[in-house]
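Try each task before reading its solution.

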Amino acid sequence: MTTAHQSDSPKARIDAGLKHLWYPVLASWQLGSTPRGITRLGTSLVLWRNSEGQIHAVEDRCPHRGARLSLGCASHDRIACWYHGVEVDAQGVVANVPAADHANMRGRKALISFPVEERQGAIFVWFGGGDAPPLRLPHEPTSQEFSGFLCTAVWRCNYRYAHDNLMDLMHGAYLHAVSHSMSGGEKRASMEVVDTPDGFIFRKTDQAELNFDWVEFMDLDAHWMRATVPYGPGAGPGGPFWIIGGVVPIDNNTCQVFFWRLRKVSGWQRAAWRFLYRTKLEARHWAVLEQDREVLEGLIPDARDHESLYSHDAGLVRLRRLLSRAAESELRLEAQAEHHAVSWSETRA
Ligand code: FES
Ligand SMILES: [Fe+2]
């Protein structure tokens, strides 16, 4: 596999991205009718749509001499390399070698293939190998009671800083103090962590619905964040603004963030929200997101190694602990699998 990282320590594994997860990798609109090469978790993949629009993903390297398959041409369930025409199917098996009658690689499983799902305007890939568990989304993006838009952006920082940023409630009242949604509320707070069946909630104990006052982390075999921020009267009907967030590592220094921006609305309120978002609110939300991006991309190198945390950082400390345990478990399982594979091959020898 074309990987940029040897993830053999828990810290290295977390920084590169836990593997036993579904990740959003692209918005649906980012994959058209031609193949697209992307890097996610340091791995190069090519994605393409078959004639029914279903998406396939395999490693982005030709088994012949290593050309990028993403430069080639897709035809239904196969992709053909531009260099000499070798065709690989959606399972990563060499399906045809048009230039030679006898080629050993024909019929060989040469590339890793990845389970793919397309849901709620985004493309998700499972990086854990083996059988993927069902992709589960939080309630709001799939609910008829909510109406939303998917916003995505590439940030030049390790994905964990995007995680930490969502666990950082107090930044709303400072970084976003001059914004349409987070100018209210106190600039001091006490906070607590509350366990939930799928993760935990981190919230302010003395303030609610005045700023960015709570966030929930959910482990659904994909890592999700849920939060709300208040809307003023100028934002029309429908109560607070809901955010369902996810992030995928591209490499150790870059990530792509995904935010489903939603409101609980129906009937004419739904139409009003969609109109207001497109004409007025979307630009304001982008301005807020740019504030986050500017700070995160400007963090000092290895910022996590030079921190002095206080009580408001309890949420991100909890999250980091949870990721550490998950990384240790992944590495342990992979070591056991490798050990069994070696023992089995020794038995046969
Ligand atoms: S490198 Fe792809 S067919 Fe030769
Ligand atoms: Fe923010």
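The exercises below start with the metal site and end with the overall fold.

This is a predicted model, in which local features need pLDDT of at least 70, side-chain atom pairs count only at pLDDT 80 or more, and totals for chains, interfaces and linings use all residues. Residues are numbered from 1 along each chain as its sequence is written, chains are lettered from A and ligands numbered from 1 in the order in which they are written, and side-chain values use heavy atoms, with hydrogens and water left out.

**Exercise 1.** Find which atoms coordinate the iron ion (ligand 2).

*Solution.* Begin with the donors (N, O and S atoms within 2.8 Å of the metal, or 3.2 Å for Na, K and Ca; water is not among the atoms, so sites may look incomplete). Next, read the spacing along the chain: H-x4-H-x115-D. His-171 lies in helix 4 (residues 171–174) and Asp-292 in helix 5 (residues 267–297), so this pair, 121 residues apart, links distant parts of the chain.

**Exercise 2.** Decide whether His-171 and Asp-292 are buried or exposed.

*Solution.* Apply the cut-offs: buried is under 20% relative accessible area, exposed over 50%, partly exposed in between (1.4 Å probe, protein chains only). Both His-171 and Asp-292 come out as buried. Across the protein, 49% of the 349 residues are buried.

**Exercise 3.** Describe the fold in numbers.

*Solution.* Finally, the C-alpha atoms fill a box of roughly 75 × 45 × 35 Å along the principal axes.

How values were computed:
Helices (H or I, at least four residues) and strands (E, at least two) are DSSP runs, numbered from the N terminus.
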